Amino acid sequence: MHSDLIGKIEKARRYAQEPERIAIDEMTVRFHGGNNDHIVHLANERWACDCDVFRLRGVCAHVMTLQKALAPMLSAEAREPGPVIIHSELISMIEKSRRYLHELDRIEILSLRARFRGNNNDHQMVLTDAGWSCDCSTFRVWNTCAHVMALQRILAPMLPAIAREPGTVVVEEHLVSALG
């Protein structure tokens with residue numbers, strides 16, 4: 001294995017300890033709720049959910065859970081709570097959200113666009129159903145990089161199987177276990 005890639009794996013482990021380096025610009029998730037699946041979307045720092053509660057109240061347990069789980073990677077606007085609700089549903093939403101925070105495997109990220117704030121440059125990362133891409137030179141060579149590996153580690157329980165897989169690099173077994 002190329003020594004440069006070993007260094008990227010070590011860097012990814014450090015980066016995973018610093019989620020505030022990542023800024024999620026846009027994402028779409030499938031949220032496996034208590035009764036139904038819901039599609040939640042973040043774009044232009046605004047949330048949307050297809051559940052009835054969000055349509056009625058402008059906030060729901062699904063969005064509240066994502067705001068908490070992803071807080072260091074969200075803009076201040078995207079972290080803002082929804083409209084103030086003086087309603088008994090608010091208590092229910094908060095309780096659901098707290099429970100969902102311990103069940104992150106309910107969330108499946110379908111697509112994601114994020115920026116990684118590096119020491120020297122910012123990098124754009126994208127996740128689609130085809131897998132990851134990053135605009136850094138390491139990704140172009142190895143089909144993986146420290147930025148993607150860090151995000152994979154941070155978001156692991158919420159990623160579909162294809163998005164958790166390493167790039168097309170042949171990685172020795174002892175290095176894979178070092179990432180775990």
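Two strands pair if DSSP finds at least two bridges between them. Strands (E, at least two residues) and helices (H or I, at least four) are DSSP runs, numbered from the N terminus. With that, take the hairpin that joins β4 to β5 through 4 residues.

The model is predicted, so local features need pLDDT of at least 70 and side-chain atom pairs count only at pLDDT 80 or more, while totals for chains, interfaces and linings use all residues. Residues are numbered from 1 along each chain as its sequence is written, and side-chain values use heavy atoms, leaving out hydrogens and water.

Strand β4 covers residues 107–117, and its pairing with β5 is antiparallel, over 6 bridges. Which residue in β5 stands opposite arginine 113? It is valine 126.

Now look at β5 itself, residues 122–128. In a regular strand the side chains alternate between the two faces of the sheet. Here the covered face holds His123, Met125 and Leu127. The uncovered face holds Asp122, Gln124, Val126 and Thr128.

Next comes β6, residues 131–134. β5 and β6 form a second example of a hairpin, with 2 residues between them. Their pairing is antiparallel too, over 4 bridges. Threonine 128 has glycine 131 in β6 as its bridge partner.

Step back to the whole sheet. Strands of a sheet pair through backbone hydrogen bonds, either parallel or antiparallel. This open sheet has 6 strands in the order β3-β2-β1-β4-β5-β6, with antiparallel pairing. β3 (46–49) and β6 stand at the edges with a single partner strand each, so one side of each has no neighbour in the sheet. On average, neighbouring strands are turned by 10 degrees against each other, direction ignored. Axes are lines fitted to C-alpha atoms, for helices over the stretch in contact, and angles run from 0 to 180 degrees between N-to-C directions.

Helix α3 (residues 61–69) packs on this sheet. It touches β1 (22–32), β2 (37–43), β3 and β4; contact means heavy atoms within 4.5 Å. The direction of α3 makes about 140 degrees with that of β3.

How far can you trust the model? pLDDT is the predictor's confidence in each residue, from 0 to 100. The protein averages 87. Confidence is highest in β2, at 98, and lowest in helix α9 (residues 173–179), at a mean of 49. Where pLDDT is low, the predicted coordinates should not be read in detail.

How values were computed:
Buried < 20%, exposed > 50% of the residue type's maximum accessible area, 1.4 Å probe, protein only.
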